[in-house]
Amino acid sequence: MSSLGAMESSDGIEVRGLVREFKNGPRAVDGIDLQVSPGEIYGFLGPNGAGKSTTVLILTTLLPPTAGAARVAGHDIVREGPAVRAAIGAALQEAALDPLLTGRDHMRLQTTLQGLPRGERRARGDELLERVGLLDAADRKVGGYSGGMKRRLDLALALVHRPRILFLDEPTTGLDPQSRAELWQEVARLARDEGVTVFLTTQYLEEADVLADRIGIIDHGRIVATGTPEALKAEIGRPSLELVPAQPEDRERVAGVLARFGSHTAAPPGAAAVRLDGGAEALADVVRALDAEGLAVSDFQLHAPTLDDVFLARTGRKMDTEEPTTAEHQVAAA
Amino acid sequence: MSAAPLRVQIGELARRSITQTLRQPALIVPPIFFPLMLVAVNSSGLQAATNIPGFPTDNYVDFAIAVAFIQGSLFAMINAGSALARDVETGFLRRLAMTPMQRPALLLGHLSGVLLVALGSSLIYLVAGWIAGMHLAAGPGGVLALLALAMLIALGFAAIGALVGLRSGSGEAVQGFFPLFFVLLFLSSSSLPRPLIEHEWFRTIATYNPISYLIEGIRSFIIDGWDGEALALGFGFAIAIAVLALAGASQALRTRLVRT
């Protein structure tokens, strides 16, 4: 295992050369380095199977690493497992709840196992249930809860012992937009008002963009980009322009015109897109060029760079596809 | 914040186990009524067997009621195994692993809850037996000893269920074990005393089948009073099964509940 110096702060996460290799399988985590500062929301972004959940399991002490080292809340994850667990809370990928127990039963069990004094258990449980909006449903069996309610209870259970670091593994997967927004609000409040460090894995670009102070993009077990969302998008720099010709047979001609203003980029079927070399200022020239060629368009969109563009630039793939693609390939396919 | 003492952890997990059971009538009704129904059917149909020379009692209920305790233990096996398998399947075990819970607390908590249900069922078997004319030769002190043996047997079978549930992580796998043990129950001295079993192959299997000695241990309280040999064999096999199954279940939990 590689060595790791003591972290300056006890509320952060520091990872060096972390590896997890499964028997007869690929390296799910392939030598990652990362640092999360106290009070920061760190978004760990990547497609399915990229290694996000394996990393979380290792950092929460539920899976020993094959190599590398990590300190969480100032404690070594291998040698000081109990101390790490005492400092962290975690809501793992599936909301692990007992469908036969009520929300209040869950709170009672969690507060007891976490060692809260008997006199505080009920009050702490109710406080958290109220905070996540489940007090009215506290005595209902969890089997009858909606997906959003289960996620909120999962979050509340992770907070019972007032952890300094919170691990959330794809906390909003499968939730409706309203439930997702409510959870985002609570996570942001925890970091802002209580100074909780949040390590959040997600496959939703928007989630990482909205919530995270800094982002690490992971692909095939390796971190391919890291930085603030703004800095990562600024690396891409130029906006992209996407056009849908009024006549579908004109798509190649439209693509030809666009090629004069920058390099082709991924576009949906029937459309053509280009990363504008001259930025948004080139828009007027594009319109004039299309007009000169007698080409009409039915839809016209100017996109600022997104984290998806960052992922594409770093991996050659879109977040939602496993196949390597290039802009040219996509344009040709369209 | 310091971790809760082990007894508090066990108590809370036992409470959960009992709550789970009470909220599933399907886990309470069959362990009580199915064994009693079988005793009723066998007693009415096989009463004539008491006329066979050498049959130890003239009331077949006295002979048959012991089987109910073993059947109740088989239900304890299914309940304990299914509950733990569900915890593996739902990821609840990982939630518990994130707390300062000690491993023995999970196993003992689950088993305590299951045993409480088994104790309730056993008391109902005894009351039903008395109503049907059962006579307990061991007297009032025998009630406690019989319940102790019944609980030991239930513990052993529940631990087997826990072992299978934790190893497989599948409720279906646990359910799949039930028929196997049910066959073993019938290939024992459940219907006739071993010396009276006519077919040699059946008698041989019943002799090597530990379940025969568990049944005979319980039966001895009812028919014989305090039979040292039957009780030594009954308690001996019950303890051996419980110890082996608990060791296996603990190992399975250690493998399943990985944490640094």
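In the predicted model, A:Glu14 stands opposite A:Arg71 in strand E4 of chain A. The two strands concerned, E1 (residues 13-21) and E4 (residues 67-72) of chain A, are paired in the antiparallel sense over 5 bridges. A:Glu14 also has a bridge partner in E2(A), namely A:Gln35. E1(A) and E2(A) form a hairpin in which 5 residues lie between the strands. Within the turn, A:Asn24 adopts a positive phi of about 55 degrees. In general, the strands of a sheet pair through backbone hydrogen bonds, in either a parallel or an antiparallel manner.

An open sheet of 6 strands is also found in chain A, with the strand order E6-E7-E8-E3-E9-E10 and mixed pairing. Its edges are formed by strand E6 (88-91) and strand E10 (222-227) of chain A, each of which pairs on one side only. From one strand to the next, the twist averages 15 degrees. One of the residues involved is A:Ala91, whose bridge partner in E7(A) is A:Leu168.

In chain B, helix H6 (residues 139-168) packs against helix H9 (residues 210-223), with the two axes coming within 9 Å and crossing at roughly 165 degrees. Angles over 145 degrees count as roughly antiparallel, and H6(B) and H9(B) are therefore roughly antiparallel to each other. The crossing in which H6(B) passes H9(B) is left-handed. On the H6(B) side, the contact involves B:Gly142, B:Ala145, B:Leu146, B:Leu149, B:Ala150 and B:Ile153, which meet B:Leu214, B:Gly217, B:Ile218 and B:Phe221 of H9(B). Classified by residue type, this contact of H6(B) with H9(B) comprises 8 nonpolar and 2 polar residues, with no charged residues.

The contact between the chains takes 25 residues from chain B and 27 residues from chain A. On the side of chain B that touches chain A, the elements giving two or more residues are helix H1 (6-22) and helix H4 (92-97) of chain B. H1(B) supplies the largest share of that side, 6 residues. By class, the residues of chain B that touch chain A divide into 10 nonpolar, 9 polar and 6 charged.

Technical notes. Residues are numbered from 1 along each chain as its sequence is written. Chains are lettered from A and ligands numbered from 1 in the order in which they are written. This is a predicted model: local features need pLDDT of at least 70, side-chain atom pairs count only at pLDDT 80 or more; totals for chains, interfaces and linings use all residues. Axes are lines fitted to C-alpha atoms, for helices over the stretch in contact, and angles run from 0 to 180 degrees between N-to-C directions. Helices (H or I, at least four residues) and strands (E, at least two) are DSSP runs, numbered from the N terminus. Angles under 35 degrees count as roughly parallel, over 145 as roughly antiparallel, 65 to 115 as roughly perpendicular and the rest as oblique. A crossing is left-handed if the near helix is turned anticlockwise from the far one by less than a right angle, and right-handed if clockwise. Two residues are in contact if their C-beta atoms, placed from the backbone, lie within 7 Å. Ala, Val, Leu, Ile, Met, Phe, Trp, Tyr, Cys and Pro count as nonpolar, Asp, Glu, Lys and Arg as charged, and the others, Gly among them, as polar. Two strands pair if DSSP finds at least two bridges between them.
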